[in-house]
Amino acid sequence: MEKAKVSAFQMFVLIVLFEMGSAILLGLGSQAKQDAWIAILFGLGGGVIVFFIYYRLYMYYPDLPLTSYLQKIVGKWPGRFIGFLYIVYFMYQASRILRDFGELLATTIYNNTPLFVINTLMIVTIIYAMHKGFEVLARVGEIFFGIIYLTAILGMLLIVFSGLIHLENLKPILENGLKPVIKTFLRETITFPYGEMIVFTMVLPFFNDKKKVKIVCLGGMILAGINITITTIVNIAVLGVGLFHRATFPLLSTVGRIQIADFIERLDVLFMLYLIIAGFFKIAIYFYAAVAGAADIFQIKNQRKLGFPIGLIVLFGSITIASNIAEFIQEGSMIVPFYLSWPFQIIIPFILLIIAFLRNRKKKTSPA
Amino acid sequence: MKKWVKVILLIGLSVPILTACWNQKELTDLAFVMALGIDKGEDDLYHVSFQLVNPGNVSSGQNGGGQGLPIAVYKSTGRTMTEAARNATKKVSRRLYYAHTNVVVISEEVARERTQFLNLLDSFARDPEFRTTTEILIARGASAEEIVTTLTILDKLPVSKITKEIKSTEAMLGENFSITIDDLIDGIVGSGKEPVLNGYQLIGMKEEANKAVNLQKTTTDAFLAADGLAVFKDGALIDWIESKKSRGVLWVLDKAKSTSITLKWKGKKNALVFAPIRSKTKVSTILKHGKPVINIKIENEGWLSEANTAIDLIDPKTIGKIEKLTEKAIKKEVQISVKEAKRLKCDIFGFGDVVHKENPDLWKKLERDWNNYFADLEVNVKVDSYLRREGVRTNPFWSDINK
């Protein structure tokens with residue numbers, strides 16, 4: 001495993017960037033119509049509970065990443081097998097987000113550029129970042145965090161001053177009762193983006209201040225959750241429920257509405273800036289987790305060597321997982337939550353926690 | 001030595017990537033489409049007029065613009081918008097570029113036919129190049145082509161005349177207001193609010209409108225003017241609300257900012273003019289005997305811009321009376337518009353949305369037949385006007401000459 005040390009603030013920044021990532025771009029929770037923001041808040045609540053599973057596991061093995069303590073908990077070979085599944089999962093997720101990102105650029109500004117080219121450029125940058133190690137990624141995060149916040153605040157101010165916000169669009173609250181909200185919460189918002197904190201089990205050992213892990217992670221999740229909720233509320237308030245539901249990228253449509261004094265308009269570039277930065281971090285972190293996990297399981301000393309092969313798999317994966325955007329979205333909303341997110345983010349960690357709890361209790365109750 | 005090779009190789013490799021010119025478009029290869037005019041031909045095709053800007057002739061400043069016309073209009077036909085746009089490339093040497101399209105003019109004929117009209121809209125909403133802030137207009141008493149080909153005198157670009165004009169009417173008169181494609185589609189989709197669009201007329205000698213000679217006179221032979229609101233129901237134009245009756249629509253939709261309200265004073269007509277400077281409208285609903293009742297509350301403040309009669313403006317009681325008169329006048333305007341909309345059985349005010357937001361359960365029952373229900377809806381209007389200032393005179397000179 002790489003020897004890296006990451007400070008509390010850097011970790012916080014990475015979590016915020018990661019969690020906001022693509023969740024802000026897509027119409028998260030749009031199944032719940034105007035109550036999408038409630039579903040997102042529910043998701044945050046659920047995500048915090050799920051995070052405590054990861055946190056307990058971390059407390060048992062503070063110096064090991066997920067793939068290593070898997071082997072301790074369920075035994076060497078079964079642990080390796082599950083760890084391998086996790087690596088595939090991380091790679092798949094990295095591919096999905098890479099596709100998301102490329103698809104967005106291809107539909108909005110790079111209409112004639114092949115998806116493959118856009119994705120290649122991104123993955124090459126990410127492989128390079130991986131090559132430089134996790135510390136570098138964290139430091140880059142610090143710089144971009146500021147930029148993202150500046151663009152976000154600027155964008156928000158412009159939207160407010162354009163007089164675009166019509167909060168009455170949020171009404172009626174809970175029109176069809178809690179059912180659609182809960183459904184959206186279980187299907188979507190708990191696993192995406194909050195459940196994705198599972199990736200951080202791979203990098204938590206880098207944390208230099210063990211005591212602060214809980215507060216930093218929760219703080220990052222909550223800040224990201226609030227940002228996503230505010231963005232969703234703004235999207236609905238600006239676009240109205242119908243358009244929020246219909247738009248492929250609601251935030252892009254919202255930003256496109258900005259029009260002040262006849263010259264501050266067409267600010268899609270703010271959105272693109274955010275998109276590229278956040279996309280980069282989200283893919284990079286998933287990618288890093290896959291590489292670190294593979295190095296750990298296959299006991300490869302220099303994990304940098306794995307950058308190119310895994311990068312290539314992620315790149316080709318991003319092109320081949322779906323042949324068109326409809327298939328891609330269908331896959332993301334029907335298959336991923338039930339067959340990937342729930343098992344990998346919630347069920348397996350929960351079982352692990354129970355086994356770890358029993359094992360560790362045994363140790364305590366029967367001292368040698 | 002080896003390091004140098006690497007560095008040079010790296011720089012060499014990044015050159016083709018960093019130029020970012022995969023599908024670069026030179027400015028001189030683009031034709032900026034400023035406005036689109038869509039007509040219906042006898043062949044059931046869309047006849048689309050593309051108003052392109054002629055950049056050299058628009059630039060202002062020390063050197064002045066060129067001698068030619070600021071715009072050029074090309075026409076093409078097609079079964080769909082995309083087909084028409086692609087067919088146009090046979091006639092235009094440059095690539096049509098839609099990112100700066102500010103106005104789409106649709107002829108009344110097209111707007112009256114549901115499928116023809118609706119078939120247009122998705123192409124505007126879906127194309128990433130097209131901006132959703134684009135204004136949509138209905139050509140009234142003229143073809144869309146005529147509107148798009150008309151030259152204008154103050155603003156070199158006819159499009160900026162149209163968009164600025166709509167904004168200034170919205171701000172100063174309140175009979176037309178800015179309506180974008182998104183608003184239109186939202187209105188068509190939702191059952192609680194029907195959309196309206198601005199009508200646009202070509203007044204004067206139509207055949208002169210597209211000639212440069214038209215611009216040599218101070219009173220141009222033909223000019224563009226906003227006129228009326230087109231009312232849509234079930235995705236097709238059904239009727240017009242005339243300018244006189246349309247102000248009430250803007251009051252209800254909370255779009256009215258300023259306007260002029262002419263009042264009668266002690267038997268004298270056109271005696272006083274009240275000019276609001278800001279206004280706020282709130283629409284709410286309550287249940288009365290199980291039926292929804294709409295309450296419109298309009299609050300505005302303004303100043304007295306004319307007093308053409310002997311009147312004691314120093315007396316606060318007079319001010320109170322003027323306020324009462326204004327309230328009555330505005331209330332009447334709103335009632336006229338509401339009556340007009342009820343006649344058309346078309347809820348252009350979004351009362352349905354208000355009921356939906358306030359009382360979702362009731363809305364579910366009424367939703368299907370809302371427009372008919374709307375025709376018998378009880379609508380109460382309450383206006384609060386405040387006359388704050390009287391300009392730079394106290395009593396008008398009329399008070400002195402009649403002595």
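Colleague: In which sense do β12(B) and strand β13 (residues 378-389) of chain B pair, and over how many bridges?

Modeller: This is a predicted model, in which local features need pLDDT of at least 70, side-chain atom pairs count only at pLDDT 80 or more, and totals for chains, interfaces and linings use all residues. Residues are numbered from 1 along each chain as its sequence is written, chains are lettered from A and ligands numbered from 1 in the order in which they are written, and side-chain values use heavy atoms, with hydrogens and water left out. Strands (E, at least two residues) and helices (H or I, at least four) are DSSP runs numbered from the N terminus, and two strands pair if DSSP finds at least two bridges between them. In β13(B), B:N380 is the bridge partner of B:N295, and the two strands pair in the parallel sense over 11 bridges.

Colleague: How many bridges join strand β11 (residues 268-288) of chain B to strand β12 (residues 291-307) of chain B?

Modeller: These two strands form a hairpin with 2 residues between them, where B:H289 takes a positive phi near 50°. B:I286 stands opposite B:V293 of β12(B). The strands run antiparallel, and the number of bridges joining them is 16.

Colleague: What share of the residues in chain B is buried?

Modeller: Chain B has 13 helices and 13 strands, and its C-alpha atoms fill a box of roughly 95 × 60 × 60 Å along the principal axes. Buried means under 20% relative accessible area, exposed over 50%, and partly exposed in between (1.4 Å probe, protein chains only). Of the 403 residues in chain B, the buried share is 49%.

Colleague: How large is the area buried between chain B and chain A?

Modeller: The contact (heavy atoms within 4.5 Å) takes 20 residues from chain B and 23 residues from chain A. Buried area is the accessible area (1.4 Å probe) that two parts lose on being put together, summed over both. Carbon and sulfur atoms give 45% of the area between these chains, which is about 1,900 Å².

Colleague: Which residue of chain B forms a salt bridge with A:R246?

Modeller: A salt bridge is a side-chain nitrogen of Lys or Arg within 4 Å of a carboxyl oxygen of Asp or Glu. The count between chain B and chain A is 3 salt bridges. In the one formed by A:R246, the closest N and O atoms are 3.6 Å apart, and the partner is B:D186.

Colleague: Which element gives the most to the side of chain B that touches chain A?

Modeller: The elements of chain B that give two or more residues to this side are α7 (181-189), α10 (351-358) and α11 (360-366). With 4 residues, the element that gives the most is α7(B).

Colleague: Why does A:T254 count as buried?

Modeller: A:T254 is found in helix α9 (residues 250-256) of chain A. Not counting residues up to four places away in sequence, A:T254 touches A:I159, A:V234, A:N235, A:V238 and A:L239. A:T254 counts as buried because its relative accessibility is 0%.

Colleague: How many residues of helix α3 (residues 66-74) of chain A are buried?

Modeller: The buried residues of α3(A) are A:L66, A:T67, A:S68, A:Y69, A:L70, A:Q71 and A:I73. After the helix comes A:G75, whose phi is positive, near 100°. Helix α3(A) is mostly covered, and of its 9 residues the number buried is 7.
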